[in-house]
Amino acid sequence: ASTDGTAIDQDVVCSLLDLEDLSAATGEEFVKAEPDVDSCTYSNADESAVIALNVALISASPDDAIAGATSKCDEGTIQSIDFKEADAGFACVSDGVPAVGAAVPGKFAVLTGLTLDESVSTDQILSALATILDDAISA
């Protein structure tokens with residue numbers, strides 16, 4: 001996705017998702033949020049469950065942003081998702097990592113998640129990520 005080169009404040013990105021909401025959606029107790037450039041990584045105490053949020057300001061259309069992002073998805077894993085407040089959305093697996101993304105005018109967000117708990121399926125992770133992102137967009 002093409003970006004306009006403007007960075008989003010790190011603290012703003014980390015404020016987009018609430019640790020309690022992440023815990024409720026996943027069943028894991030998320031306790032910390034680590035900011036980085038245009039992203040925030042949330043984790044539980046022993047870091048056996050991690051969710052990363054990446055946000056970009058875009059000049060491309062939402063459909064073009066989705067097309068660019070899904071080009072990195074593993075073959076056969078792309079699903080279109082309708083988010084309540086987004087123009088376009090997707091779920092997929094990229095290099096073995098579950099990911100969901102949504103585009104709204106001027107912004108694009110991707111949420112990825114991993115857990116070391118082998119009883120949690122990729123579909124369960126994708127479903128939780130989609131719920132988290134949909135709630136975040138709607139807030």
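**Helices, sheet, cores and disulfides**

The buried residues of H3 pack against E5, E6 and E7. The model discussed here is a predicted one.

User: Which residues of helix H3 are buried?

Analyst: Helix H3 covers residues 62–70. A residue counts as buried when its relative accessible area is under 20%. In H3 the buried residues are Pro62, Ala65, Ile66, Gly68, Ala69 and Thr70.

User: What is the bridge partner of glutamate 34 in E2?

Analyst: E1 pairs with strand E2 (residues 39–44) in the antiparallel sense, over six bridges. For glutamate 34, the bridge partner in E2 is threonine 41.

User: Which element gives the largest share of the largest nonpolar core?

Analyst: The largest nonpolar core has 25 residues, and Leu53, Val100 and Leu111 have the most contacts inside it. Helix H1 (10–15), E2, E3, E6, E7 and H4 each supply at least two residues of this core. The largest share is six residues, and it comes from H4.

User: How many residues are in the second, separate core?

Analyst: This core includes Ala65, Ile66, Cys73 and Ala88. One of these, Ala65, is also among the buried residues of H3. The number of residues in the second core is 13.

User: Is the disulfide of cysteine 14 and cysteine 40 right-handed or left-handed?

Analyst: The sulfur atoms of cysteine 14 and cysteine 40 are 2.0 Å apart. Cysteine 14 lies in helix H1 and cysteine 40 in strand E2, so the pair ties together parts that are 26 residues apart in sequence. The torsion about the S-S bond is about 100 degrees, so this disulfide is right-handed.

User: Where does cysteine 73 lie?

Analyst: Cysteine 73 is joined by a disulfide to cysteine 92, and the torsion about the S-S bond is about -65 degrees, so this disulfide is left-handed. At 12% relative accessibility, cysteine 73 counts as buried. Cysteine 92 lies in strand E5, and cysteine 73 lies in the loop between H3 and E4.

Definitions and conventions
Residues numbered from 1 in each chain as written. Predicted model: local features only at pLDDT ≥ 70, side-chain atom pairs only at ≥ 80, totals over all residues. Heavy atoms only, no water. Pairing = 2+ DSSP bridges. Helix = DSSP H or I, 4+ residues; strand = E, 2+ residues; numbered from the N terminus. Buried < 20%, exposed > 50% of the residue type's maximum accessible area, 1.4 Å probe, protein only. Contact = heavy atoms within 4.5 Å. Core = buried A, V, L, I, M, F, W, Y, C linked by side-chain atoms within 4.5 Å. Disulfide = S-S within 2.5 Å.
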